[in-house]
Amino acid sequence: MLADDLAALPELLQTTRDYAVSVLKGLDERPVAVTPAPASAAPLPTDGIGTAGALAEFQQRWAPGFSGSAGPRYLGFVTGGTTPAALAGDWLTGTFDQNGSNRSGSSAAALEDETVGWLREMFGLGTAHTGAFVSGATMSNLVGLAIGREWIGQQRGVSVARQGVAALGEVPVLSGAAHSSVYKALSILGLGRDALQPVRTLPDREAADVTALAEALEALDGRPAIVVANAGTVNTVDFDDLRAILALRDRYPFWLHVDAAFGGFAALSPAHAHLVDGLAEADSVCVDLHKWLNVPYDGAVQFTRHRDLQVTVFQNAAAYLPPISGTPDFFHLTPENSRRLRALTAWFTLAAYGVSGHREIVTRAIDAAHHLGARLTTIPGVQLLAPVRLNVVCFTVPTDVTALSQAVADSGEAFLTPTVYQGKPALRAAFSNWRTTTADADRVADLIGKLLT
């Protein structure tokens, strides 16, 4: 069977290509979200049915239940699509099948270096920041906090990487409105979810009150801490005042990690770039690329100004591995030893469209979000719970939020995710797909208005 498939590979790839094109052409009509019918697991194939047979079975059994999440009205979570160039890069990622974790025998790592450098410049970071690709924002936050944990140990004369977290003792972590992935990372790192001490936020905001943060740092009596600042909160895309937080370093010792998973892309918008002023001085930064860069899952990047500590945490030694050099292999920098070359999809879309093309994607999404926000205020009973600051509309409705969310999904027109903001059940519409326009915002507003009448 393998020999037959190899002989027919050009035709099989063409057939797959044609099917993929048909899926992409039909995205606008495809149900944005579906409730899939229960599926019985098929038995493990003994002999197999070949690539053509597998494609046919996938089309029949599984494809009908796949969402239209790559399309313009999937506004749940913060979900990008895949630009044409990124899709080409993804195909070639699988074709070349490079292990991007090491520098031996391939230029793949150099391509990742170049891509990280491009992203660093695009987000306004300085040359002191180095970076590496990881799977998503959760892993990017974990890596940044792991390096921060090692920095805390260094301040206390402890090497967590060698002695373990038990030698470290409690580590105070301060944040205003931390994302759930931060709590998860703290759990994985052995610091514990309870290590995070919520800092009071500004009235009717998700941004940390810097005065309250200063008070929390003062209460530590000189003990070093980790501060997690937000550059774009998940519910209302609120931004901590990075400059004001950085000014506290004159008085208090802390590691500043900035979760800029999608808010970091504000740097591309001339009207919003001020929101990330100070990002270049953070000790570690999380940016999620399969959100607003519109590369396929999975792909994110983490940056830090402390590569030496990063290597201390993640270094891997074995007789068959190259030793650590001035430019470390990527398996010395992240939890994974082997991984796909995630950088190639990002390289393709940046090379194809440049900063200006991605600025257009960002500004179009922002315009669509503001347009939806304005439309929703004209629907009786709908209330915006926060101003539309960037690309997320957070609103409540005069009916059951969960039921409305399900009705929106069942319509096939759109997909929104429910949340709770300031104690009120709400819905979020997050715009980051490169295909989305104000016309899509109109379709969503018209749908909500219809469902509420």
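Modeller: A cavity is a set of grid points where a 1.4 Å probe fits but cannot get out. Keep in mind that this is a predicted model.

Colleague: How many cavities of 30 Å³ or more does a search of the whole structure find?

Modeller: The search finds 1. The largest cavity has a volume of about 30 Å³.

Colleague: What makes D240 a lining residue of the largest cavity?

Modeller: A lining residue has an atom within 4 Å of a point. D240 is listed in the lining, so D240 meets that cut-off. The lining also includes S175, G176, V199 and I245.

Colleague: Which strand gives the largest share of that cavity's lining?

Modeller: Strand β4, residues 225–230, with 3 residues.

Colleague: How does the lining of the largest cavity divide by class?

Modeller: Into 7 nonpolar, 2 polar and 1 charged. Asp counts as charged, so D240 belongs to the charged class.

Colleague: Now the open spaces. How much space lies in the largest pocket?

Modeller: About 1,100 Å³. Of the 31 residues that line the largest pocket, A20, V23, L24, A70 and L87 are the closest to its centre. Two or more lining residues come from each of α2 (9–25), α3 (50–61) and α4 (84–96). The largest share, 7 residues, is from α2.

Colleague: What makes A20, V23 and L24 nonpolar?

Modeller: Ala, Val and Leu count as nonpolar, so these residues fall in that class. The whole lining of the largest pocket has 18 nonpolar, 9 polar and 4 charged residues.

Colleague: Which residues are closest to the centre of the second largest pocket, and how much space lies there?

Modeller: About 540 Å³ lies in the second largest pocket. Of its 33 lining residues, V78, H179, S180, V234 and K291 are the closest to the centre. The largest share of this lining, 4 residues, comes from α6. By class, the lining of the second largest pocket has 12 nonpolar, 16 polar and 5 charged residues.

Key. Residues numbered from 1 in each chain as written. Predicted model: local features only at pLDDT ≥ 70, side-chain atom pairs only at ≥ 80, totals over all residues. Heavy atoms only, no water. 1 Å grid on protein atoms, 1.4 Å probe; cavity = no way out; pocket = protein on both sides within 12 Å on 5 of 7 lines; lining within 4 Å. Points joined across faces, edges and corners; volume = space filled by probe spheres on them.
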